[in-house]
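Student: I have a model to go through with you. Can we take it piece by piece?

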Amino acid sequence: MLKEFKEFAMKGNLVDIAVGFVMGAAFNKVVASFTGGIVSPLIGLLFDTDFKDLKYKLKDGTLNDAGEMVGEVYLEHGQFITNVLDFIIVAFVMFMVVKGVNKMKKKEEPAPEAPAGPSQEDLLSEIRDLLKK
């Protein structure tokens with residue numbers, strides 16, 4: 001069983017997938033940093049606030065004994081939009097990588113055509129001639 005697992009784990013495709021997964025996770029951090037540190041603040045200029053902090057208050061809270069507001073409920077649409085932007089950027093880059101890899105692959109040459117045999121008329125003529133004998 002251990003031998004079978006070793007053969008399975010060492011297959012080229014599985015190792016390629018593992019490397020791709022690790023690189024994708026690291027790339028996702030870069031994209032999150034890009035959208036959170038560059039894109040969100042620029043878009044936030046439109047709303048005059050940090051884009052990630054955009055939220056809509058759904059329920060007011062109450063003050064507790066310590067003077068803190070508790071029980072407030074917010075719809076945090078800024079964080080959701082940031083995550084959607086992250087996803088779109090990662091998906092686009094992955095699409096471009098796959099497209100590039102597919103372009104680099106050798107294009108399969110079409111298989112040579114089978115040699116053309118005699119036509120149906122030729123076969124029928126041959127049968128006719130054999131029957132005449």
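Tutor: First, a term: helices (H or I, at least four residues) and strands (E, at least two) are DSSP runs, numbered from the N terminus. This is a predicted model, so local features need pLDDT of at least 70 and side-chain atom pairs count only at pLDDT 80 or more, while totals for chains, interfaces and linings use all residues. Residues are numbered from 1 along each chain as its sequence is written, and side-chain values use heavy atoms, with hydrogens and water left out.

Student: Ok. Where is proline 112?

Tutor: Proline 112 sits in the loop between H3 and helix H4 (120-132).

Student: Is proline 112 buried or exposed?

Tutor: Exposed, because its relative accessibility is 74%. The cut-offs are under 20% relative accessible area for buried, over 50% for exposed and partly exposed in between (1.4 Å probe, protein chains only).

Student: What about the overall fold, which pattern does the protein follow along the sequence?

Tutor: The order is α-α-β-β-β-β-α-α, that is, 4 helices and 4 strands. The protein is more spread out than a compact globule, because its radius of gyration is 33 Å, well over the 14 Å that the globule rule gives for 133 residues. That radius is taken over C-alpha atoms, and the rule is 2.2 Å times the number of residues to the power 0.38.

Student: What box do the C-alpha atoms fill?

Tutor: Roughly 115 × 45 × 30 Å along the principal axes. Of the 133 residues, 10% count as buried.

Student: Back to H3. How many residues has it, and what is its reach?

Tutor: H3 (residues 77-104) has 28 residues, and its first and last C-alpha atoms are 41 Å apart, close to the 40 Å expected at 1.5 Å a residue. The expected span is 1.5 Å times one less than the number of residues.

Student: Which residues of H3 are buried?

Tutor: Gly78, Thr82, Asp86 and Val90. In general, an α-helix has 3.6 residues a turn, so residues three or four places apart point the same way.

Student: What does threonine 35 touch?

Tutor: Leaving out residues up to four places away in sequence, threonine 35 touches Ser40, Pro41, Thr82, Leu85, Asp86 and Ile89; contact means heavy atoms within 4.5 Å. Threonine 35 lies in helix H2 (residues 12-47) and counts as buried because its relative accessibility is 0%.

Student: Last one: where is lysine 6?

Tutor: In helix H1 (residues 2-9). Lysine 6 is exposed, at a relative accessible area of 58%. Its C-alpha atom is 59 Å from that of aspartate 122, 116 residues apart along the chain.
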